[in-house]
Amino acid sequence: MKSLPMSPYQVIVVALCTLISALDGFDVLVVAFTAPVLSKEWGLGPADVGLLFSAGLIGMGLGALFVAPMGDWIGRRRAVIVCLGIMAIGMVASGYAASHKELMLLRVFTGLGMGGILANLNILVGEYSNDRRRELCTSIMAVGYQVGAAFGGLVAIWIMRYYDWRAVYIAGGGTAVAFILISLWLLPESLDFLSHRRPPNALRKVNQMLQRMGRQALAVLPEVAGGAAKGAVRKPRLSSLLEGGRAVPTVAACLTYLLVMTSVYFFISWIPKIITQSGLSTENGISASVLMNSAGVISGVIFGLLAHYVGVRRLSAVAMVCLAAAGVWFGRSEATVNSMLTAATFVGFFIGSSVAALYAVIPKVFALPVRTTGTGLAMSFGRLGGAVGPYIAGLAMASGFDRPEYCLLLAAPVFLGALVLRWLNPIPEDAAPQP
């Protein structure tokens, strides 16, 4: 069945997961959208605003590590809905924060939900795509970040034209509530989860999903490697990710996410500021951000189209090496509008394909019963890199590094990430109903 064309319902599932993942882009940048007003209202300095940025990333890292594994023991659909609930509560409450410290704590809480969502969405998209379109669908979901960042910025500007900054957070919470309702209606449970964990009425639920996809119903659930204990819905242990000779791929997955995201978040966070520090206008910095996100969307889709034919790991390595090269180019570009914006666009282009590569490669390293746990663990290292990269850049700048030097320093991690890909050996798939 994996070779059959995707049904309309499968397309709807991928589209829904992509829209939910767009909340990631909005959530990460919501502080950036509101920072100028927050700074004025509460008298915040750069360090205070920096803590607000970091709080969300810390929450996402904790969510990916501790909340995402729920998907392996209560089901990925339920985990996504629970995490959307966390996000909705956190974002609405943020709209009523009375101080920057209170907002910082709420940013950590909100991040728990977003960090838990992404790993589970990644698994669902890969599972409800057919073989031919799996990399494309995964890449489309991955670029949801750029879509959310770009569209969220436009929405935030419109909201703040008529209301205050609090309305931006409340609108984000309302969007999360809307996605809860839509997910209760349309989001399916993981077929792999139902087949491996065998919760009550697993066969009936599998056949409901197959019917929605226009596939033939099953008389019995297929046997899986090692057997599936009926009702064995127990919480997986992180230590299980290191068993059976999987220690090296697991460590490599975490290291790859850490290295790539260290570079990615440096470029995303600092390029607009670097452009203005180089003597160009604030509008030029904003234009760079728009160009980077737009190029990233295009690149992610292209990655998905080519990966099936070129090979996922090979294309991933090319994307990461090109991102490192583009970062060095940006560091050495002349301080002119055309030169810096062109280089920034190429950086954004290869950010899109490099992030899509992570979503396509990493989940395959982990066995199906612990796939969300493993993916969440790797993503938590990615969020750590997201917090560390911009901080290292700030230290380098304060120490007197010039632009070519600190760009070279922060481009190096993603290049090393391309080298680590050789140890990301995918695990053979267990038998399970496939779309």
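On a 1 Å grid over the protein atoms alone, a cavity is a set of points where a 1.4 Å probe fits but cannot get out, whereas a pocket is an open set with protein on both sides within 12 Å along at least five of seven lines, and lining residues have an atom within 4 Å of a point. Grid points are joined across faces, edges and corners, and a volume is the space filled by probe spheres set on the points. The structure is a predicted model, in which local features need pLDDT of at least 70 and side-chain atom pairs count only at pLDDT 80 or more, while totals for chains, interfaces and linings use all residues. Residues are numbered from 1 along each chain as its sequence is written, and side-chain values use heavy atoms, with hydrogens and water left out.

By these criteria the structure holds 3 cavities of 30 Å³ or more, and the largest cavity has a volume of about 210 Å³. This largest cavity is lined by 19 residues, of which Asp 24, Met 261, Tyr 265, Tyr 359 and Arg 383 are the closest to its centre. Two or more lining residues come from each of α2, α4 (100-127), α6, α10, α13 and α14, where helices (H or I, at least four residues) are DSSP runs numbered from the N terminus. The largest share, 5 residues, is that of α10. The lining of the largest cavity comprises 14 nonpolar, 3 polar and 2 charged residues, with Ala, Val, Leu, Ile, Met, Phe, Trp, Tyr, Cys and Pro counted as nonpolar, Asp, Glu, Lys and Arg as charged, and the others, Gly among them, as polar.

The largest pocket contains about 1,900 Å³ of space. Among its 47 lining residues, Leu 29, Ala 32, Phe 53, Ser 269 and Pro 272 are the closest to its centre. The elements that give two or more residues to this lining are α1 (8-42), α2 (46-67), α6 (144-162), α10 (247-277), α11 (282-310), α13 (337-361) and α14 (371-398), and α6 gives the most, with 9 residues. In the lining of the largest pocket, 31 residues are nonpolar, 15 polar and 1 charged.

For α10, 31 residues at 1.5 Å a residue should span 45 Å, and the end C-alpha atoms are 44 Å apart, which agrees; the expected span is 1.5 Å times one less than the number of residues. Shortly before the proline Pro 272, α10 has a kink of about 45 degrees at Trp 270, the bend at a residue being the angle between axes fitted to the seven residues ending there and the seven starting there. Just after α10, Gly 279 takes a positive phi of about 105 degrees.

Helix α15 (residues 403-420) has 18 residues and reaches 27 Å between its first and last C-alpha atoms, close to the expected 26 Å. A kink of about 25 degrees is located at Ala 412 in α15, shortly before the proline Pro 413.

In the loop between α13 and α14 lies Val 365, which counts as buried because its relative accessibility is 2%. Apart from neighbours within four places in sequence, Val 365 is in contact (heavy atoms within 4.5 Å) with Arg 246, Pro 249, Thr 250, Leu 424, Asn 425, Pro 426 and Ile 427.

Technical notes. Buried < 20%, exposed > 50% of the residue type's maximum accessible area, 1.4 Å probe, protein only.
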